[in-house]
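Student: I would like to go through the labels attached to this model and see what each one rests on. Where do we begin?

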Amino acid sequence: RWNRKDAKLTLIYIDSKKQNSTYPVNVGAIPKIFPQLPNVVDIWKNQEGVTISKNFITIDKSANIKIEQEVLLPKTHSLLVESGATINIINGGLLRAEGRVKMTGTAREKIFVSIQSGYDQDSRPIWGGILFMNQTDIKHTVFSGNVMQFPNRQDIRGLTSCVTAYKANIKISHTSFKNLQCEDALNVVNGDIYMDNSEVYGVAADALDSDFSTGIIKNSTFIN
C-alpha cells in the first residue's frame, strides 16, 4: 500500500486466518522482514557425494540429497548433478537456483528428483520443487511426485508449478515428469524452452504452462 502523503510504503500480509499484519517498508531500502534463505554452499559442505569449489557444486552418484525447506543456490555457483544422483524434496522444500544448473543423467544412469508437497505450520499448502532462474540444461532425469491434490492454484510462495523456469533458458531432453501434483508440472515464465524426447504423464493438472515465453517442443509425449 502506497501512501502519497507521507511517502511511506506498507506491506500488508493476510494469513490463512484472515488476520492482517502490517510492516512499514522504507522506499529504496531492502525490507528486513524476510529471513535470508539458507545457502546450499553452507548446507552441503559436509554432505557425502557433494564437492564444493569456488564457483561450482558437484553432486555425484553417491549423493542422496534431501531438501526440507527453501534453500538457495547463489548466482556465484553453478550446480552440476551427475548421472545416478538422487534428490529428495520433501515437506514442500524448494531449491531456488539463481546459479546455473546442469543435470547430466545418462540412459543407463538417470538422475532422480522426488518432489513431495506439504503444509506449513499454519496448514497452508506448499508445492515444493525447483525454481530455475538461470541457464539450465537437463538430460535423462526423472521428476516424480505424490499426486497430492490441493484446492489452491498457487502455494504460499505464489508458485503454480513443481518445476519452474523463471527468466531462464531451459533445455530438456530424454526427461520424464510423472505423477506431479502441482497446478503445472512444468511452468516457463518469461523464458525460453527447448524440449526434446521427453514425456509428461499422470500429472494432477496442466502438463506444461508457458507464460510470456518462446521455445521449441519436439518428439515429446503428453499423457494424462
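Tutor: With the link of Cys-162 and Cys-182, which is right-handed, with 90 degrees about the S-S bond. Cys-162 lies in strand β18 and Cys-182 in the loop between β20 (176-178) and β21 (184-189), so the pair ties together parts that are 20 residues apart in sequence. Keep in mind that the model is predicted.

Student: Why is the pair Cys-162 and Cys-182 called a disulfide?

Tutor: The S to S distance between Cys-162 and Cys-182 is 1.9 Å. The cut-off is a pair of cysteine sulfur atoms within 2.5 Å, so the pair qualifies. A disulfide is a covalent bond between the sulfur atoms of two cysteines. A search of the whole structure finds one disulfide.

Student: How do you know whether Cys-162 and Cys-182 are buried or exposed?

Tutor: Buried means under 20% relative accessible area. Cys-162 has 1%, and Cys-182 has 1%, so both count as buried.

Student: What makes Ser-161 a buried residue?

Tutor: Its relative accessibility is 2%, and the limit is under 20%, so Ser-161 counts as buried. In the protein chain, buried residues make up 42% of the 224 residues.

Student: Which backbone oxygens does the side chain of Ser-161 reach, and why are these polar contacts?

Tutor: The side chain reaches the backbone oxygen of Val-163 at 2.6 Å and that of Ala-185 at 3.2 Å. The cut-off for N or O atoms is within 3.5 Å, so both pairs pass on distance. Ser-161 itself is in strand β18 (residues 161-166).

Student: Which residues does Ser-161 touch, leaving aside those up to four places away in sequence?

Tutor: Among them are Trp-127, Gly-128, Asp-184 and Ala-185, and also Cys-182, one of the two cysteines of the disulfide.

Student: Why are β5 and β8 said to pair?

Tutor: Strands pair if there are at least two bridges between them; β5 (residues 56-59) and β8 (residues 78-82) have four, so they pair, in the parallel sense. For instance, the bridge partner of Thr-58 is Leu-80 in β8.

Student: What makes β4 and β25 edge strands?

Tutor: The open sheet has eight strands in the order β4-β5-β8-β11-β16-β19-β22-β25, with mixed pairing. β4 (50-52) and β25 (214-218) each have a single partner strand, so one side of each is left without a neighbour in the sheet. The twist averages 10 degrees from one strand to the next.

Conventions: Residues are numbered from 1 along each chain as its sequence is written. This is a predicted model: local features need pLDDT of at least 70, side-chain atom pairs count only at pLDDT 80 or more; totals for chains, interfaces and linings use all residues. Side-chain values use heavy atoms; hydrogens and water are left out. Buried means under 20% relative accessible area, exposed over 50%, partly exposed in between (1.4 Å probe, protein chains only). A polar contact is a pair of N or O atoms within 3.5 Å; within protein, one must be able to donate a hydrogen and the other to accept it, and residues adjacent in sequence count only if both atoms are side-chain atoms. Contact means heavy atoms within 4.5 Å. Axes are lines fitted to C-alpha atoms, for helices over the stretch in contact, and angles run from 0 to 180 degrees between N-to-C directions.
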